[in-house]
Amino acid sequence: MKTPRFSRRTFVKNTALAAATWQLTSALRAAGESPVGAATPSSVAAAPGAAGGDEVALRWLDGQTPAALAGVTWGVPWPRGRCSKATKFALHTAAGAPVPVQSWPTAYWPDGSLKWTAHAIPAAAGGVDSLRLSPGVPAAPAAGVTVRESADTVEIDTGAMVCRVAKQGAALILSLVRDGREIARDGRLVCLRQEQPEVVGDGAVRQEAFASTVEQVTVEQRGPVRAVVKITGRHVNAAGRAWLPFTVRLYFYSGGDAVRLMHSFVFDGDEAKDFICGLGVRFAVPMRDLPHDRHVRFVGEGAGLWAEAVRGLTGLRRDPGAAAKQAQLAGRACPPVAELPENVRTRLDYIPAWGDFTLCQSAANAFAIRKRTKPGHGWIDVDQGRRAAGVGFVGGATGGGVAFGLRDFWQRHPTQLDIRGANTEAAEVTLWLWSPAAPPMDLRFYHDGLGMDTFEKQYNGGLEITYEDYEPGWGTAHGTARTSELMLWALPATPTRERLVELAEAVRTPPLLVCEPARFLAARVFGALWGPPDRSTPEKAALENRIDLLFDFYRQQVEQRHWYGFWNYGDVMHTYDADRHVWRYDVGGFAWDNSELSPDLWLWYAFLRSGRADLFRFAEAMTRHTGEVDVYHAGRFSGLGTRHNVQHWGCSAKQVRISNAAYRRFYYYLTADERVGDLLRELLDGDAKLEMVDPARKLKNMPPRGQYPARISVGTDWCSLAAAWLTEWERGGDLKYRDKLLTGMKDIGAATHGFFSGERFGYDPTTGHLYNILGNEPAASHLSAVFGAMEICGELIQLTEGQPEFEPFERAWLQYCVLYNGTPEQQQAALGRSLRGLGLTQAHSRLTAYAAWRKKDPELARRAWDEFARGGLRSGLSLAPVNGPTVLNPVQEAAGVSTNDTAQWCLAAMQNLALIGDYFVAK
């Protein structure tokens, strides 16, 4: 399967057309827009129906009105100066009916006007196909969420249920009450630990049990539509050891009978002796009904459902009657015992009552269900399947019960759902994020160092042969984290089979409202460097088709290569091994990608311009992974990320280019997700680590830092930090980060050669000042612009446009954009020397395109397309099937593929089309 190869001379050379383009866009540039091509952000913003006005059209991300909605929160962007911070918002259906909404700001433009707002609607508002948001007076919910605090508890009343949260102790949720009846209680976190990963010696393995201890409870929102309670603490055992700090957020919506639970933990143990063999959330469910009216449900794959009673009445030797059997199968109350046939009712106690049930998802394509009557007796195999939904129910036909779910259940295997004691007065439910039936988490580094005990051996040895940057003790998992999403529904009775399947779909794919792509473009958020898919000519359509093909290929690879698992899901591999027909999963720096060369940016910009749900879900999973697992949240590397490796934490290169806030802010603004908001703030002081963890410590020919506290790369380091500081400024946070950001912009603008003033600057983390330590010798790195620098610098220029003190920064950036791929003669004339062998020509074509866009330079535009046709991915993606016995499983292979090239090609294609689209016409 191939797409066309594009000629290096595929440009518009008609100068009359170019002149007309400049005339057409001159007015737009005067208004802050400066497109070169027709398919530009500005032309979209000016188009009819482009959603740049006060009313914002909203749609369901996945294209269908959700059958089960527990409430939803989403983000909306606003053009600069359009809405003041005091603006209120109203929500209506397409027919004009008011919908209750709660709104709050998440970002501001520099002039104080709203840039992003977040909005929430109640659980009862899900039955509408489309919505319209505009400034106005919001409608109030029929029964708003109320929050009441005492010294010991927080009580949240949604109108449909009441949840009591403890401010201290082991239980997070003291109780869930519906209609005056307790449905669940004693919700807590549990952990099992052992000191060795496998059985050795006498075969004895000692396990320790830990439970949550609440340290702090904060009410973050109080309604009227949405309430959020944040709980922090640690896991503690009987001996008093406290570890695994956790953050749990509980979300409530007016009219809702559900609690959304976001569970985050940080691994702060010793990976050589702290092996987690179980991690989960546990609660109790009172069982009031007779055993034959108690029900257990597990949702399998698709609409598959396993549903049985604790004491079954079907299949008996003596028939209980059709009414009893039909009622039990449907989950309704059976006829009174007195109405059952005598030969059944007098023998009910002889029918086994099953108390314990387990669904274990041991791998991405395998789950098994088992049950037993009670501890001390044997387990009975029930059935097996491929991919369980991670959703279950336990309760009674009349006494109520709890439906529960764990998102990404099979994707994050090994997982497990346990129900214990369903034949007693209270069942115990545990949603295991890590199944105790699986081998323990083994987070130890994967090799013994191979004799690489000096920088020389590490750099010229390991890095040279396996591309792995190894350093003893640096490949640690201490400080990594993971966040999981769970749902609990307090139900008055056993749900119908169909209803439980609907709830399962809401767990698998939580409903989300989004704007149309035109709205993002019109608001000019995330820079103005991208546009909608442009298929206006066959040649452009071929480029767009290839962008789609590359994403579809990676989505296929996740499935075919089984890139799943608790610590792995959301990431992709770095480079392919065509000899073995596998990705290089076991070869040093060629294995897990860890955001190298910005696949996160590729996916998020691809979503913004297309609105595709599959792109959003892929990018969402990557954001959840790369922001948690690939970044340190505690310990000496806190705030830094880890370069690509066989293990996500394995490489000794700990850098802000990987923890990069530029990769996370999309998801935060689109969803108002508080956890990602926390992660963004964790990155604000990453520059304080540059002295202790110098990214250039192994590089040769690097200038010494001299009198300055640290060395900093202006591209991979400063621009990554700038993304965090910019986001904090937007969010209305501590102004010291705004000041650091603006200080750095001024220092770069004032440097002798701007962005070419050396691969490293001297840096003072206290003030944010950069200092030229290379003298007048210009230098550059091929990596400087490919970790979000292009996008962040574009945003900074947009935000500070018209302010004279920042014009030198723009000149410096435009100089870099023009000269990086410039001729040796151009570089010599501007810098006093040529810069050879910089590499990544195709990736940097979008820098040339940006300069053409800002400078209105047709020659630069033509040059950019010429550069795009050179280097990186030059020809069509060739897919070939590979089958056994060559490989274990049938796969589609693209022999020369790498994620570096893919991400950068897609970014360049999307941005070049948007900025200089009129200068591309294939022969």
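# A friendly tour of a predicted protein model

In the hairpin made by β9 and β10, four residues sit between the strands, and Gly159 among the residues of this hairpin takes a positive phi near 95 degrees. Welcome to a predicted model, in which local features need pLDDT of at least 70 and side-chain atom pairs count only at pLDDT 80 or more, while totals for chains, interfaces and linings use all residues. Residues are numbered from 1 along each chain as its sequence is written, and side-chain values use heavy atoms, with hydrogens and water left out.

**The whole protein**

- The protein has 21 helices and 37 strands; helices (H or I, at least four residues) and strands (E, at least two) are DSSP runs, numbered from the N terminus.
- Its radius of gyration is 29 Å, close to the 29 Å that the globule rule gives for 923 residues, so the protein is as compact as a globular protein of that length. The radius is taken over C-alpha atoms, and the rule is 2.2 Å times the number of residues to the power 0.38.
- Along its principal axes, the C-alpha trace of the protein spans about 100 × 70 × 60 Å.
- Of the 923 residues, 62% count as buried; buried means under 20% relative accessible area, exposed over 50%, and partly exposed in between (1.4 Å probe, protein chains only).
- The accessible surface of the protein comes to about 32,800 Å², and 51% of this belongs to carbon and sulfur atoms. Such areas come from the Shrake-Rupley method with a 1.4 Å probe, and for residues only the protein chains shown count as cover.
- Among the contacts in the protein with a separation of 6 or more, 69% come from residues 24 or more positions apart; contact means heavy atoms within 4.5 Å.

- Strands β9 and β10 run antiparallel and are joined by five bridges; two strands pair if DSSP finds at least two bridges between them.
- Ile156 stands opposite Cys163 in β10, and Cys163 also stands opposite Leu176 in β11.
- β10 pairs with β11 (residues 173-178) in the antiparallel sense over four bridges.
- This second hairpin, of β10 and β11, has six residues between its strands, and Gly169 in the turn has a positive phi of about 100 degrees.

**Thr158, a residue in the loop**

- You can find Thr158 in the loop between β9 (153-157) and β10 (162-166).
- Thr158 counts as buried because its relative accessibility is 0%.
- A polar atom of the Thr158 side chain lies 3.1 Å from the backbone nitrogen of Ala160. A polar contact is a pair of N or O atoms within 3.5 Å; within protein, one must be able to donate a hydrogen and the other to accept it, and residues adjacent in sequence count only if both atoms are side-chain atoms.
- Leaving out residues up to four places away in sequence, Thr158 touches Ala143, Val145, Phe252, Tyr253, Ser254, Gly255 and Gly256.

**Ile231, a residue in a strand**

- Ile231 lies in strand β14 (residues 226-236), and with a relative accessible area of 0% it is buried.
- Not counting residues up to four places away in sequence, the residues that Ile231 touches include Val165, Leu172, Phe246 and Leu250.
- Ile231 and Cys793 are 562 residues apart along the chain, and their C-alpha atoms are separated by 37 Å.

**Two open sheets**

- Three strands form an open, antiparallel sheet in the order β2-β6-β5. Its edge strands are β2 (72-77) and β5 (102-108), each of which pairs on one side only.
- β2 runs antiparallel to β6 (residues 114-121), and six bridges join them; Val76 has Thr117 in β6 as its bridge partner.
- Another open sheet, also antiparallel, has five strands in the order β4-β3-β7-β1-β28. β4 (98-99) and β28 (513-515) stand at its edges with a single partner strand each, so one side of each is left without a neighbour in the sheet.
- β3 (residues 89-93) and β4 run antiparallel and are joined by two bridges, with Val99 in β4 as the bridge partner of Leu91.

**A covered helix**

- Helix α20 (residues 858-868) is mostly covered, with 10 of its 11 residues buried; among them are Leu860, Trp865 and Phe868.
- At the start of α20, a side-chain oxygen of Asp857 reaches to within 2.9 Å of the backbone nitrogen of Glu859.
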